[in-house]
Amino acid sequence: MKLYHGSNVEIKNPKILESDRKLDFGTGFYLTTSYEQAEKWAVLTAKRRNYGKPFISVFEYDEEGSNELSVLKFQNADEKWLRFVSANRKNLSVKNDYDVVIGPVANDRTMPVISLFFAGVYTEEETVKRLLPQKLKDQIVFKTEKSLQYLKFVEVVEVNKNDK
């Protein structure tokens with residue numbers, strides 16, 4: 001399976017970096033099956049950090065060879081996904097000892113809804129109902145060094161910001 005990582009730097013040898021950022025699925029190396037999503041993230045990251053250029057690092061994931069990995073997969077943005085994302089974003093204690101986590105990404109369009117859930121305005125049920133119509137892209141997070149062994153670097157593509 002081909003996966004993409006958008007950034008302001010070229011990534012040929014991914015690493016699991018500890019971060020104080022509160023991400024959907026916790027610490028890990030984030031990728032997507034959507035080239036378009038990676039492209040948007042690369043442009044945004046270069047702009048936010050004000051250095052580097054937007055790059056998409058392309059990897060091949062050996063799914064069949066990775067059967068020994070502990071994988072958590074969310075098919076869609078349901079209550080279980082919402083609880084998991086909420087716990088990670090709030091930095092709460094959550095069982096998160098998976099090698100790989102796969103599921104929808106909470107993006108800029110979903111964050112107003114999720115923020116209202118965090119504030120107690122929406123229930124889990126109402127939040128999921130409001131998220132269902134949105135066509136959420138996926139994210140695949142490699143959380144352990146062991147999981148990174150199943151990623152093979154393919155190439156780096158520089159994004160032309162003028163086309164965006």
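**View 1. Aromatic pairs in the predicted model.** Count ring pairs here and you get eight aromatic pairs; the rule takes rings of Phe, Tyr and Trp (its six-membered ring) with centres within 6.5 Å, and calls planes under 30 degrees apart stacked, over 60 edge-to-face and the rest tilted. One of them is Phe-25 with Phe-74, a stacked pair at 6.0 Å centre to centre with 25° between the planes. Helices (H or I, at least four residues) and strands (E, at least two) are DSSP runs, numbered from the N terminus. This is a predicted model, so local features need pLDDT of at least 70 and side-chain atom pairs pLDDT 80 or more, while totals for chains, interfaces and linings use all residues. Residues are numbered from 1 along each chain as its sequence is written, and side-chain values use heavy atoms, with hydrogens and water left out.

**View 2. Phe-74 and its neighbours.** Phe-25 and Phe-74 are both buried, buried being under 20% relative accessible area, exposed over 50% and partly exposed in between (1.4 Å probe, protein chains only). Ring pairs join Phe-25, Phe-74 and Phe-84 into a cluster. Leaving out residues up to four places away in sequence, Phe-74 touches Phe-25, Lys-80, Trp-81, Phe-84, Val-101, Ile-102, Gly-103 and Pro-104, where contact means heavy atoms within 4.5 Å.

**View 3. Two nonpolar cores.** A nonpolar core is a set of buried Ala, Val, Leu, Ile, Met, Phe, Trp, Tyr and Cys residues joined through side-chain atoms within 4.5 Å. The largest has 21 residues, and Phe-25, Phe-74, Trp-81, Phe-84, Val-101 and Ile-114 have the most contacts inside it. Helices α2, α3 and α4 each supply at least two residues of this core. Another core lies apart from it, with 15 residues, including Ile-16, Phe-59, Leu-69 and Tyr-150.

**View 4. Helix α3 against helix α4.** The axes of α3 (residues 111–118) and α4 (residues 124–131) come within 10 Å and cross at roughly 180°; axes are lines fitted to C-alpha atoms, for helices over the stretch in contact, with angles from 0 to 180 degrees between N-to-C directions. The two helices are therefore roughly antiparallel, the label for angles over 145 degrees. On the α3 side the contact uses Val-113, Ile-114 and Phe-117, and on the α4 side Glu-124, Thr-127, Arg-130 and Leu-131.

Technical notes
Parallel < 35°, antiparallel > 145°, perpendicular 65-115°, else oblique.
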